Amino acid sequence: MRDSQLINTGIPALAVLGGLALAAAQYFIWIYAPVEATMGVLQKIFYFHLPLAWWGLISFFMVFCASLLFLITRRSVMDRLAQAAAETGLLFSGLALATGSLWAKAAWNTWWTWDPRLSTTLIMWFIYAGYLVLRQSIDNPQKMRALSAVLGIVAFLNVPLVFLSARMWRSIHPAVFGSGGGGLEPEMMTAVMVSIAAWGLLTAAILLFRVRQLHIKDRIKTLYVF
Amino acid sequence: MGPLLNIRFLCLTHKDLKLILADGSGIVQPVLLGLILVFVFSLSTPIGDEVSAQAAASVFWLATCFALVLVFNTLYSIEETNQARTGLLLSPMPLQHVWLSKAVTGLILLLLAQFFFFPAIIVFLGQELMTGWWTFLGTVLLVDWGLVAVGSLLGALSQGHAARESLLSVVIFPLLVPLLLAGIRMGAHFFGGADDGHLSAWAGIAFAFGSVFTGAAIILFPFVYNEY
């Protein structure tokens, strides 16, 4: 009950804040940050690509945390949060891959290259797509929740190994937040940080909205049965 | 207490091996599928052209992965078709012993399948082993450890569904990517003799994968193999 109240008040607040922050981010992206000398206006993709990739990965981490908490507490809200985070992560990482591919074509003259970050994102995308397929394939809700939680945990344990192995294979991706700042102009860095914060608020709103939607769906199912 | 538990877990392995080897279908299917895969891949190169060591290693591990899915589906479906799952759940042994016994049986069957894949790679893809047998066997065992740890944990997951093979493939294949990359790089070294300087690091990845998933399976298997 307390969860529902928290979610119901959180959604409008986060959605409004997220919308305003995204509008502000457009100013920073298109007016405040300078146009990059080599790539021109196409470099602006970066301000969408990076937040999407980050929040996609953070969503996958949330699947791990929520799955772990579900197995410990057996609270159904944790299972719903895991599903919502997996769906959001899948959407965001898919968009990050698509925008990254557009960038790669312009910068490296190839749609796809074997790179640790790209490959890790793609592999995670496949793993969480499998996670959602598994959720749909099991009719028994109790069994589905427990098995999904196990897969949600196992999937994230794999991330460091996927990244390490992909990096050892080969890499050409630029380091944005390297030890020397990654070569970004201060204005560009500000625009990136504003975009990340704006997308973060939007991600939180989407997650809570989806959790509430799943809760209502479960209630309707129960009403139908009885 | 320790030896008693070991005997119990070996009883399960013994029972599974007897059931699978009695009619042979549980091992013939994965072996045939792998051999077909190797043969079909040999058609991808024009006559006279050489298949690279890395490509040959990739085919070897791909055939092994398909065999893994079939082997673990068979191992867990034996319990479902005979309704022995409830018996296993009621038995006084820890549930982790079911995971361990299935993993050991899976390892034996996988090694048996690889015993046929290896000469097929040599013959159809024109490869030769450039290093010692023991190093090669050690590497295969190291990668197989990770494969069966995941296979035994997730093999139980897809039981009770009409499309269990495809479901297990969709779930398991992306998880195996780091281990497969390690297996392919080490396999390329054994077939081609080339050393990219990262051989011990790749072995480390395979070892870490096996350790992480063995630990995860010991904790998580009771949640997978339970009565719901």
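Predicted model: local features only at pLDDT ≥ 70, side-chain atom pairs only at ≥ 80, totals over all residues.
Chain B contains 9 helices and 0 strands. Read from the N terminus, its elements follow the order α-α-α-α-α-α-α-α-α. The C-alpha trace of chain B extends over about 60 × 35 × 30 Å along its principal axes. The radius of gyration of chain B is 18 Å, which agrees with the value near 17 Å that a compact globule of 228 residues would have. Of these 228 residues, 44% count as buried. Contacts between residues at least 6 apart in the sequence of chain B were also examined, and 85% of them join residues at least 24 apart.

Within chain B, helix H8 covers residues 177-192. Its 16 residues should span 22 Å at 1.5 Å a residue, and the C-alpha atoms at its ends are 22 Å apart, so the two values agree. H8(B) is mostly covered, with 15 of its 16 residues buried.

Two packed helices are described by the angle between their axes and the distance between the axes. For H8(B) and helix H9 of chain B (residues 199-224), the angle is about 145 degrees and the axes are 9 Å apart. Their crossing is left-handed. On the side of H8(B), the residues that meet H9(B) are B:Pro178, B:Leu179, B:Ala182, B:Gly183, B:Arg185, B:Met186 and B:His189. Their counterparts in H9(B) are B:Leu199, B:Trp202, B:Ala203, B:Ile205, B:Ala206 and B:Phe209. Sorted by class, this contact of H8(B) with H9(B) holds 10 nonpolar, 2 polar and 1 charged residues.

In the contact between the two chains, chain A takes part with 26 residues and chain B with 22 residues. On the side of chain A that touches chain B, at least two residues each come from helix H4 (116-137), helix H5 (141-157) and helix H6 (159-169) of chain A. H5(A) gives the most to this side, with 10 residues. By class, the residues of chain A that touch chain B comprise 19 nonpolar, 6 polar and 1 charged.

H5(A) itself has 17 residues, and its first and last C-alpha atoms are 24 Å apart, close to the 24 Å expected at 1.5 Å a residue. This helix is mostly covered, since 12 of its 17 residues are buried. The buried residues of H5(A) include A:Arg145, A:Ser148, A:Gly152 and A:Phe156.

H4(A) also packs with helix H3 of chain A (residues 76-108). The axes of H3(A) and H4(A) come within 9 Å and cross at roughly 145 degrees, and the crossing is left-handed. Among the residues of H3(A) that meet H4(A) are A:Gln83, A:Glu87, A:Leu90, A:Gly94 and A:Leu97. H4(A) contributes residues including A:Leu118, A:Trp125, A:Tyr128, A:Leu132 and A:Arg135 to the contact with H3(A). This contact is made up of 12 nonpolar, 6 polar and 2 charged residues.

Most residues other than glycine have a negative phi, and most peptide bonds are trans. A:Arg74 has a positive phi, near 60 degrees, and lies in the loop between helix H2 (46-73) and H3 of chain A. With 8 C-beta neighbours inside 10 Å, A:Asn109 counts as exposed.

A:Phe28 belongs to helix H1 of chain A (residues 2-32). With 19 C-beta neighbours inside 10 Å, A:Phe28 counts as partly exposed, because a buried residue needs 20 or more. Leaving aside neighbours within four places in sequence, A:Phe28 is in contact with A:Ala33, A:Thr190, A:Ala191 and A:Val194. A:Gly10 is 18 residues from A:Phe28 along the chain, and the C-alpha atoms of the two are separated by 26 Å.

Key
Residues numbered from 1 in each chain as written. Chains lettered and ligands numbered in written order. Helix = DSSP H or I, 4+ residues; strand = E, 2+ residues; numbered from the N terminus. Expected span 1.5 Å × (residues − 1). Axes fitted to C-alpha atoms, helices over the stretch in contact; angles between N-to-C directions. Left-handed = near helix turned anticlockwise from the far one by under 90°. Contact = placed C-beta atoms within 7 Å. Nonpolar A, V, L, I, M, F, W, Y, C, P; charged D, E, K, R; others polar. Rg over C-alpha atoms; globule rule 2.2 N^0.38 Å.
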